[in-house]
Amino acid sequence: MKGNRVSAVLLAALILLGVSRPLQAQDQDEGMRTLLDVVERVAQAADAAGYLALLADSADRGRARDFAASELLPGATRVVVKERDRLPLGGTLPGNGYRLWIDSFAEFGSRSRVATWRVDVRRVGEPGSGREWAIADQERITSVESIYRLSLNPSKQFTARNLKLSSEDLDVTLADGSVFVADIDQGVTGLVLLGHGTFTFHPAPEMERGQVKIFCGREALEAGFDAAYIRLHPSDFNGAVIASQLQEATVDPRDLRHAQDVFKEESQKSFAIDLGDLSRDAWTLLPQSGDFLAELRTRKYDTLTYAKSSTEAEDITLFDRKRHHNIAIYASKDRLAQRGRFYNEDDLVDYDVLHYDVDVAATPDRLWIEGRAVVRLKVKAAILGALTMRLADALTIQSIVSYEYGRLFYVRVKNQNTLVINLPAPVTRDTQITLTVAYAGRLEPQTPDRETLGLEQARGETDDIAAAFLAEPSYLYSNRSYWYPQAAVTDFATATLRVTVPASLECVASGELEPGFPALLPGTAKNTKDPKDLSQRRKVYQFSASQPLRYLSFIVSRFMRAETVTLALPVPERGNQVVLNGISYHSLNLSVETNPRQVQRGHDLVDRAGDVASFYASLLGDSPYSSFTVALIENDLPGGHSPGYFAALNQPLPSSTLSWRNDPASFAGFNDFFLAHELAHQWWGQAVAGRNYHEQWLSEGFAQYFAALYAQHQRGDELFASVVKQLRHWAMDQSKQGPVYLGYRLGHIRNEGRVFRALVYNKGAAVLHMLRRLMGDEKFFAGLRRFYAYSRFRKVGTEDLRAAMEAEGGRSLERFFDQWIYRTQLPKLKFSYRVDGADVVLHAEQIGDVFDVPLTVTLQYADKRSVDVVMPVTERSVDVRVTLAGTLRGVDIKEDGTLAEISKG
Ligand SMILES: [Zn+2]
C-alpha cells in the first residue's frame, strides 16, 4: 500500500519536473515544424486552397473548408502558430500520428485574435522528404476576439476649454489644455488630458466620506492635476465628452511626446493582458459599456485612480496608486438599488469549487515552487463562457487541461494575479468541470497581512539583521500568496494536498497528515551514493482535508514533533438546533511541531492548546476539524497565522529587542492570549467565514473575545477585567476612525495596523461583551451556539448573527448592531442616583443618539459589601429601582467594556 503511494507520487513528480510533451526524436520534430510553418503561412495569406493541400487523403474536406473559412481570416498582418501539446493519435502505429493542440495568434493592424485549435496529423512520408505529415482533422476549441493594441493617434490633437467629464461621484474639468485620443475601429476608448485640470470626488455614502476625510481632511476630495488618462467603452464616449468643448488643433510634437509618455505609463495599469510568446506587445481588453477609469496625476497626492467597474460588487473605487491604498470602495446607486444594502461576495461568482487536489514541490532556498493542481468545480452562472481564477503573477503556467474539453486557452491579466480560461463553448448551470493546471516559478513566501496577527510597525535595520542570524527560517504560503490556482474569492472546498520538500526540511499544512507520510523519495542515481546523505533527497507529505476549507496553506521549516495527543472534547447538551453542515468532531488530534530549539517549550504547549480547544468545544459543541497542529516558529515578533487545521505561532527569540507592548493585540498579563486567539480561528474565521471583507470582525472580534473568555476561564475575573479594560481603552481611543464594518480598511489609508486591531479585534470583542451583558449569559451563549451551528462552512454576515441572537433573546437587536457595527459614533451617558426610602433609584440618560448599551454600577454598602447591578440602557432615559440591602455608602460606575463616555452627576 505504502509502496504504491510512493510510486504514484513519484510519477506525479516526474510529470511536474518534465516538459508536458512526450520526448520525441529530433527529426520527427523538424517535419512537424515544417508543417506548422506552412500552416502559419497559409493562415497569414488566408489561403484556403493552400490549407486544403495539407490534408491527408482520408481527411473530410468539407470540415477542413469550414475550418479554413472561420479561422484563416483575410487581412491578417501577422500570424503566429505555436504547438502546445501533443498526444499519440488513436488508430495509428506508434510515432505515425499525433493529436496536436495549437495556439494561433492573428493580428489585424491594431486588433488581434487568439484561437486554440486541435489538429490531428498523420505520417505520410519519410523524414526529410519535405512532406512528412498531413492533416487528418481539425477543430477550433476556443477563441478570444477583440483584443486591442492601443496607441495615441499621432495625427489628432484637440484644444480643450472647460472640458468636463464625469462618472458617478466624480467630476473632472480640464480648464485649459490639450487632449489626445486612442481610437480603434469602434471609436475612442482612451484619452490623455494635459494642462490645467481639477477634479472633485464626492462619495455619496457617509462611511466613505469619513474615509475621504481621513485621507485629505475634507469629506470631498478636490485636487488639481496636470495629466490624466481616461479609459471607457467607445459607445460611452459621446455621452461622456461634449464634443463642442474640444477643438481640433495642429499636432504639436512636444505635446504629443508628453502625451505618449503619459499613455505609455498609465495604459499598462488596467485592462492589460499578457499573451506570452504569441506576442510581446501591449494588448488590452475593452472596458465594458458603463465602466469608467481615470488615472489622475495630481501634484499633491501623486496618481489617484478612480474606477467604476461593473464586475465588482462594490463598483466604485478611488485608489492611491503609489501607496497601494483603497481610499473609497462602495456600491453605486444602481448597484444598491439592485442588490440592497448588504451583499455576499459569493453572489457574483460564476462557479463553486468542490475539491482541490494540489501537488506541489517546494525548494525554499530558491523560493521555487512547482505545482500541479486538479480543481473540480461546478458552474453557478446560468451560462458561462470563461472561468476567472487567481494565481500569482510570478508563477508561469505550463498548461491548463480540462478533463472534459482537453487543452484550454487562457490569458493572464497583468498585475492582478488573475487568469481567464476560455471554455470551448458556453456551459450551463450545474455543469461540472475538472481542470488540471501545471505551473512553476519563484514565489516569495507570505508576508504578514490582514489575517496575520503581526506588526507592521517600522523595524530597526539592526534588529532585522540580528533576527535573521538567529531565527530558524520558515516559509509560509497561504491565502495571500496565490500559490495554487483558486477561485476569485475564497470558497469552501475539501482538498488533498501533497507537498514535496527537501529531505532536510519539514512541512505542516492544511489537512490531516495521512498515515505513511512523510515518505522519503528514492534518490536518483547521481545522489544515492551515500544513502545517509539527505542533502539531495526529497520527501513527500500528503494531507487530506475532508472538511471544507476557505483556502489551502503550508509552512516549511526545520520542525521537530514535540508532542501529539488525541483529545476527547467535552460536548455540552445540544438543544433542538439547526442540523450542522459537514462533520462534527468530538475529539481532536492535537500536535505541536517546533523549530529544534523550541522543542522543550513545545512539550507543555500541547497541554495548554488542549485546554484551550476543550474550552472552546464546551462553549460551541464541537471541533470543526479533526486535527490541529501548532507550528511553533522562531520569529522576532509575537503573532501568528491560522488557516484551517493548523496555526503558525511565532515564538519571539530571547535576543529580540523589539517590543510591541503598546498594541491593541498585546496582553502582557496573559502569555497564552495569542495561542487562544489563533486557536479560536478554527471556529471563527475558518469554519465560519464572513461573506465579504466588511464582516471581518466575525473572525477577528470573535477570536479576540474567545481569547478573553479563555483568560477568564483559566485565570479568573481579575485578569478578565484587565483584558476587557484594554479592549475598551483601544476601542474608545480609535472609534472615530470609522465603523467596525469597514474591516481591513480601518487604518488602511494611513497604514496604521493598530487602528485595525483596535476596532476590528477590540471593538468587535467589546461589542460582544456588551451584547452578553444586555442579554444575560444564558441567552448570549445559546445565541452563539445557534449562530455557530447555522454558520459552519458558510459565508455569513452580521445580519445572520443578529437573527441568531434575536431568536434566543426574543427582542429586536436591529438598533444594537446598527449603532455598534455599521456606525462610527459612541454614546454619551449621564448617571445619577438617589435614595428613596428603602430603595435606590439608579438613573441613566443618553445625550445625543439613543443606543442599546449596558451600564454596570456597583452599590457600595457601609459594611464594605458591594453588589453589581447591570442596567440595560435602551431608552433616552432609564430608571432602575433596587431595594437596598443595608446602608448605602455610595455607587460606583464599573466600565466593564461599556463603550460610552460616562459622566456622574
Ligand atoms: Zn486573528
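**Briefing: cores, zinc site, aromatic pairs and a sheet**

The largest nonpolar core holds 101 residues, and Tyr616, Trp697 and Leu842 have the most contacts inside it. A nonpolar core here is a set of buried Ala, Val, Leu, Ile, Met, Phe, Trp, Tyr and Cys residues joined through side-chain atoms within 4.5 Å. This is a predicted model: local features need pLDDT of at least 70, side-chain atom pairs count only at pLDDT 80 or more, and totals for chains, interfaces and linings use all residues. Residues are numbered from 1 along each chain as its sequence is written, and side-chain values use heavy atoms, with hydrogens and water left out.

- Helices (H or I, at least four residues) and strands (E, at least two) are DSSP runs, numbered from the N terminus.
- Another core, of 60 residues, lies apart from it; Tyr351, Tyr482, Leu497 and Phe554 are among its members.

**Zinc site**
- His677 (NE2), His681 (NE2) and Glu700 (OE) coordinate the zinc ion at 2.0 to 2.1 Å.
- Donors are N, O and S atoms within 2.8 Å of the metal (3.2 Å for Na, K and Ca); water is not among the atoms, so sites may look incomplete.
- Along the chain, the donors follow the spacing H-x3-H-x18-E.
- His677 sits in helix H11 (residues 673-680) and Glu700 in helix H12 (residues 697-715), 23 residues apart.
- His677 is buried, at 1% relative accessible area. Glu700 is buried at 1% too. Buried means under 20% relative accessible area, exposed over 50%, partly exposed in between (1.4 Å probe, protein chains only).

**Aromatic pairs**
- The whole structure has 40 aromatic pairs. Rings of Phe, Tyr and Trp (its six-membered ring) pair if their centres lie within 6.5 Å; planes under 30 degrees apart count as stacked, over 60 as edge-to-face and the rest as tilted.
- Trp684 and Phe702 make a tilted pair, 4.6 Å centre to centre with 55° between the planes.
- Trp684 lies in the loop between H11 and strand S37 (688-690) and Phe702 in helix H12, so the pair ties together parts 18 residues apart in sequence.
- Trp684 is buried, at 0%. Phe702 is buried at 0% as well.

**Sheet**
- Three strands form an open antiparallel sheet, in the order S24-S31-S27. Two strands pair if DSSP finds at least two bridges between them.
- Strands S24 (474-477) and S27 (506-509) stand at the edges with a single partner strand each, so one side of each lacks a neighbour in the sheet.
- Four bridges join S27 to S31 (residues 554-557). Glu506 has Ser557 as its bridge partner in S31.
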